Protein chains: 2
Amino acid sequence: MHALSCPFPIRQYPQVLLAHGGGGKLMQDLINKMFTHAFGPRPESGLHDSTVLDLPVHKIAFTTDSFVVKPLFFPGGDIGTLAVNGTVNDLSMSGARPLYLSLSFIIEEGLSMESLWMVVRSVKKAADEAGVKIVTGDTKVVDRGKGDGLFINTSGIGIIEHGLSIVPANIREDDAVLINGDIGRHGIAIMAKREGLDFETTIESDCCALNGVVESLIKAGIKVHCMRDLTRGGVASALNEIAKDAYKAVEIDEASVPVDEQVASACAIMGFDPLYVANEGRFIAFVPESQSSNALEILQAHPLGRGACRIGRVLPENGGLVTLKSVIGARRILDMISGEQLPRIC
Amino acid sequence: MHALSCPFPIRQYPQVLLAHGGGGKLMQDLINKMFTHAFGPRPESGLHDSTVLDLPVHKIAFTTDSFVVKPLFFPGGDIGTLAVNGTVNDLSMSGARPLYLSLSFIIEEGLSMESLWMVVRSVKKAADEAGVKIVTGDTKVVDRGKGDGLFINTSGIGIIEHGLSIVPANIREDDAVLINGDIGRHGIAIMAKREGLDFETTIESDCCALNGVVESLIKAGIKVHCMRDLTRGGVASALNEIAKDAYKAVEIDEASVPVDEQVASACAIMGFDPLYVANEGRFIAFVPESQSSNALEILQAHPLGRGACRIGRVLPENGGLVTLKSVIGARRILDMISGEQLPRIC
């Protein structure tokens with residue numbers, strides 16, 4: 001794929017025109033020579049507006065996500081990588097095996113065709129790595145000044161092959177809260193690039209597909225009670241959402257939450273709390289205390305869980321409060337933030 | 001629903017803020033008090049990023065569509081109506097029964113909260129009318145000047161309960177080409193509103209959900225060979241796409257293509273050919289000649305097919321050419337246009 005050149009005549013059309021979204025010949029050309037070239041023909045030939053899929057089971061997960069990240073390209077990925085992995089991860093968090101994605105572009109007139117092709121290649125690479133297929137799509141072009149280069153929507157379908165119910169309502173007193181690695185890389189990578197900040201080494205986004213590491217937990221028989229990927233709002237928001245949905249109290253041990261030194265310095269400089277900074281390849285799992293050591297070993301044995309550790313537990317109290325036991329032993333409430341620290345992070 | 005007031009405090013937040021897409025409290029508030037209020041709780045309570053669905057069959061149709069129509073509100077509908085019906089119709093064209101939609105908003109900071117609520121109500125109303133459920137969603141806000149009020153993506157899942165293969169490859173010599181009504185209303189309604197043109201009476205968009213009328217054909221035993229809704233590029237583009245995919249020649253009788261008088265005048269004034277103007281509630285069906293009268297009766301008996309008629313047929317020749325027999329009897333090639341007549345029509 002990477003060696004492939006693009007059969008769409010990029011030199012002839014160095015920028016995306018309004019007509020590339022107009023439903024005529026130019027749009028057909030873009031779809032056939034760039035998108036279909038990258039993603040292959042649709043599953044059932046000749047289909048147009050929708051795709052027919054034969055699923056092996058009746059129980060599926062369905063999700064949608066729009067991506068408006070700025071800038072489009074950042075250390076560790078781009079909007080295409082993000083669009084695939086974000087939706088794959090949303091499906092994975094319910095324990096589904098992601099199979100099919102849709103891909104919808106909203107392009108601003110004037111976007112360089114080379115950028116579009118780079119994103120298409122990233123989508124293809126990320127989809128291949130995650131083992132999902134792009135099966136249907138849509139292309140719209142908006143006039144110059146009415147978009148911001150490129151927005152992408154991906155929706156996804158996954159199949160559920162296990163009998164677990166992986167939802168907040170299922171977390172139990174004493175459940176261990178595990179995380180698969182250090183936090184804050186994605187948010188800081190985006191922010192540093194956007195603001196032109198230079199650190200000693202480049203902080204890369206942690207953007208990746210989590211379906212493999214999640215599958216390793218479930219296949220090993222870990223009775224996962226709840227999972228969530230730590231995107232907008234970071235680990236603090238995810239914990240708050242789950243605790244509130246479950247009406248249970250959760251306690252986090254601050255010292256045990258892994259933060260890379262560079263990320264910590266960047267957060268200090270920019271005034272961010274890493275607990276609220278977005279990630280794109282990190283998730284928390286609530287597992288029964290009795291299985292927590294086993295689960296941790298499984299995570300650590302996976303390339304995307306090498307930095308896994310236990311960061312907290314579910315308390316006996318009700319009420320949905322998340323508390324943080326600080327490094328010096330003090331306890332404070334870890335609340336949800338009102339807005340956001342970093343806009344347009346995904 | 002229409003009588004319902006919105007529990008989200010619109011007065012307190014008369015405009016959408018960046019923070020309403022930030023993953024924090026404000027976003028949760030908007031989701032819970034506006035979106036969940038309108039669309040109801042997700043099918044399995046407590047789920048976050050994706051929704052778990054139990055399907056009655058294994059064979060499904062899956063589709064995606066982003067909507068960037070300008071203006072957001074137009075005679076006969078708005079971007080919300082369009083976003084539901086567009087995706088419902090894409091599913092219907094493969095003969096699927098649409099069941100579930102995702103709904104993803106990309107909102108420009110500063111959009112009036114009242115407009116958002118109006119769109120949400122339209123989405124709900126259109127979904128109810130089409131018999132589909134909004135089961136998962138996403139909300140992003142982009143900074144002022146980086147969007148255009150509101151873009152919507154809907155993706156959809158439908159189930160296929162029949163044994164037909166409704167694809168271009170299935171059209172046969174002598175198949176009749178039927179249409180369910182007059183053409184060009186949607187495109188002209190948008191354009192007139194956008195350009196501030198006044199006609200004697202207001203031309204309304206034909207935007208509607210076609211699943212009911214399609215179902216009536218299939219349930220009556222009509223062996224539909226191919227269908228397509230006539231959106232961007234109009235009837236001419238749809239015919240060209242099908243003819244090319246099938247490598248068959250199709251002939252259309254110009255005099256038989258219904259165009260409302262007002263729409264025809266508007267097209268003449270603006271220099272548009274109605275055959276290329278977008279529709280949002282019209283489709284063509286290729287049916288066996290032997291069933292064409294029966295199919296036409298079924299269409300005409302349905303409220304959305306009262307203006308149905310036969311507009312052409314499949315010729316014995318190969319090659320994918322669409323020809324038009326003009327009113328005076330001349331034959332000309334009806335080609336695909338290169339770009340578009342009307343940008344941002346859907």
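Predicted model: local features only at pLDDT ≥ 70, side-chain atom pairs only at ≥ 80, totals over all residues.
Residues are numbered from 1 along each chain as its sequence is written, and chains are lettered from A in the order in which they are written. Local features need pLDDT of at least 70 and side-chain atom pairs count only at pLDDT 80 or more, whereas totals for chains, interfaces and linings use all residues.

Colleague: Which strands stand at the edges of the open sheet of five strands, each with a single partner strand?

Modeller: Strands here are DSSP runs of E of at least two residues and helices runs of H or I of at least four, numbered from the N terminus, and two strands pair if DSSP finds at least two bridges between them. The order is 6(A)-5(A)-7(A)-2(A)-1(B), with mixed pairing. One side of each edge strand is left without a neighbour in the sheet, because each has a single partner, and these are strand 6 (133-142) of chain A and strand 1 (51-54) of chain B.

Colleague: Which residue is the bridge partner of Ile107(A) in strand 7 of chain A?

Modeller: Strand 5 (residues 97-108) and strand 7 (residues 150-159) of chain A run antiparallel and are joined by ten bridges. Within strand 7 of chain A, the partner of Ile107(A) is Leu150(A).

Colleague: Which element gives the most to the side of chain A that touches chain B?

Modeller: Taking contact as C-beta atoms, placed from the backbone, within 7 Å, 69 residues of chain A are in contact with 69 residues of chain B. Elements giving two or more residues to that side of chain A include helix 1 (25-39) and helix 6 (234-246). With eight residues, the element that gives the most is strand 2 of chain A.

Definitions and conventions. Contact = placed C-beta atoms within 7 Å.
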